[in-house]
Amino acid sequence: MLTQRKLTLFLIMFVSTKIHHNFMQIPDLPNLIHYAIPFFVATVIIEVILTVKVKMEDYQYKDAATSIAMGLGNVAIGLFTKTMVLAVFYFVYHTFHLFDIPFTWWAWILILFAEDATYYWNHRIAHTSRLFWASHVVHHSSQKYNLSTALRQTWSGSFYTFIFWIPLVLIGFHPVLILVQMSISLLYQYWIHTEMIDKLPKWFEFIFNTPSHHRVHHATNPQYLDRNHAGIFIIWDKLFGTFEPEVEKPVYGLVKNIETFNPVKVAFLEWFYMLKDVFTSKTNLINRIKYFLKPPGWRHDGTGILSTDMRKEWKEKQQSQV
Ligand SMILES: [Zn+2]
Ligand SMILES: [Zn+2]
């Protein structure tokens with residue numbers, strides 16, 4: 001039961017992030033993404049110059065403009081959702097947490113790995129459950145792959161995907177520690193969205209998520225579908241069986257591309273299609289609910305084609321050719 005005392009305590013804790021919690025000195029929550037914006041602008045421009053002048057290739061400015069608009073929208077929405085998420089995390093933290101993990105050097109090492117494993121599972125589920133895919137699909141909707149693609153971020157995900165990080169709060173990682181690490185992970189993932197970097201030294205490709213690994217993640221080639229969900233460390237994909245190395249040239253985008261540069265459509269089209277399936281399909285309640293939970297492509301009448309089907313077909317073709 002939420003007593004009035006508890007609620008007051010929570011509000012006091014939330015209003016100031018500079019509170020001394022027992023032995024704990026809690027730093028301010030820096031908005032790392034805001035500080036990184038000038039760096040994003042400079043590097044996107046450098047990549048445009050390198051693509052057009054050095055590689056003599058086309059650069060699709062319209063596509064990049066949509067990605068940048070999605071990024072700006074995401075940052076603007078984040079002004080609200082970050083406060084909301086922090087409030088929820090604080091509430092959970094002050095209701096229950098297992099350990100008092102202090103702000104020390106080893107806590108940052110722990111959170112680096114714990115947050116990255118959490119990111120991996122959040123991202124894997126974002127690809128296999130349509131309720132989460134509806135917001136994550138935005139990041140995959142470009143048919144190009146460059147630094148601007150990294151900025152193509154969801155407008156709806158930050159309202160609810162934070163639930164995956166709640167276990168970290170329950171373990172006892174401080175909400176500020178978790179939110180800072182979430183931003184660090186997002187910043188790390190920026191530079192891997194490029195075709196300018198081929199393959200990095202073997203040891204680096206072995207441990208870290210790299211441009212090569214993430215190109216696979218953005219590709220629609222059947223063998224690449226729903227692979228390499230890593231954030232910072234690629235080890236989780238290798239550990240949990242979703243790793244695929246980059247061999248064939250990736251074809252970027254979605255299995256069924258959305259063919260629009262309108263940011264509002266990019267943000268909400270899949271929500272529209274999902275809700276249409278939920279509410280207009282002539283089927284029972286269980287199947288309607290399944291439209292939220294099942295992977296993209298699933299149909300209640302069994303006619304849907306999933307990424308697992310496409311990969312299976314590709315594998316069988318490969319084997320028959322040997
Ligand atoms: Zn993804
Ligand atoms: Zn990406």
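**Exercise 1.** Let's start with a pair of helices: describe how helix 12 and helix 13 pack in this predicted model.

*Solution.*
- Begin with the handedness: helix 12 passes helix 13 in a right-handed crossing.
- Next, take the geometry. Two packed helices are described by the angle between their axes and the distance between the axes. For helix 12 (residues 263-280) and helix 13 (residues 285-293), the angle is about 170° and the axes lie 8 Å apart.
- Angles over 145 degrees count as roughly antiparallel, so helix 12 is roughly antiparallel to helix 13.
- Now look at the side of helix 12: Met274, Leu275, Asp277, Val278, Phe279 and Thr280 meet Arg288, Tyr291 and Phe292 of helix 13.
- Sorted by class, this contact has 6 nonpolar, 1 polar and 2 charged residues.

**Exercise 2.** Find Asp277 and decide: is Asp277 buried or exposed?

*Solution.*
- Asp277 sits in helix 12.
- Its relative accessibility is 12%, and buried means under 20%, so Asp277 counts as buried.
- To see its surroundings, set aside neighbours within four places in sequence: Asp277 then contacts Arg130, Tyr291 and Arg299.

**Exercise 3.** Check the length of helix 4 (residues 105-128), then say what its buried residues pack against.

*Solution.*
- At 1.5 Å a residue, the 24 residues of helix 4 should span 34 Å. The end C-alpha atoms are 35 Å apart, which agrees.
- Buried residues of helix 4 include Ala107, Ile111, Glu115, Tyr119, His123 and Ala126.
- The partners of the buried residues of helix 4 are helix 5 (130-136), helix 7 (166-171), helix 8 (175-188), helix 10 (211-217) and helix 11 (235-239).

Definitions and conventions. Residues are numbered from 1 along each chain as its sequence is written. Chains are lettered from A and ligands numbered from 1 in the order in which they are written. This is a predicted model: local features need pLDDT of at least 70, side-chain atom pairs count only at pLDDT 80 or more; totals for chains, interfaces and linings use all residues. Side-chain values use heavy atoms; hydrogens and water are left out. Axes are lines fitted to C-alpha atoms, for helices over the stretch in contact, and angles run from 0 to 180 degrees between N-to-C directions. Helices (H or I, at least four residues) and strands (E, at least two) are DSSP runs, numbered from the N terminus. Angles under 35 degrees count as roughly parallel, over 145 as roughly antiparallel, 65 to 115 as roughly perpendicular and the rest as oblique. A crossing is left-handed if the near helix is turned anticlockwise from the far one by less than a right angle, and right-handed if clockwise. Contact means heavy atoms within 4.5 Å. Ala, Val, Leu, Ile, Met, Phe, Trp, Tyr, Cys and Pro count as nonpolar, Asp, Glu, Lys and Arg as charged, and the others, Gly among them, as polar. The expected span of a helix is 1.5 Å times one less than its number of residues. Buried means under 20% relative accessible area, exposed over 50%, partly exposed in between (1.4 Å probe, protein chains only).
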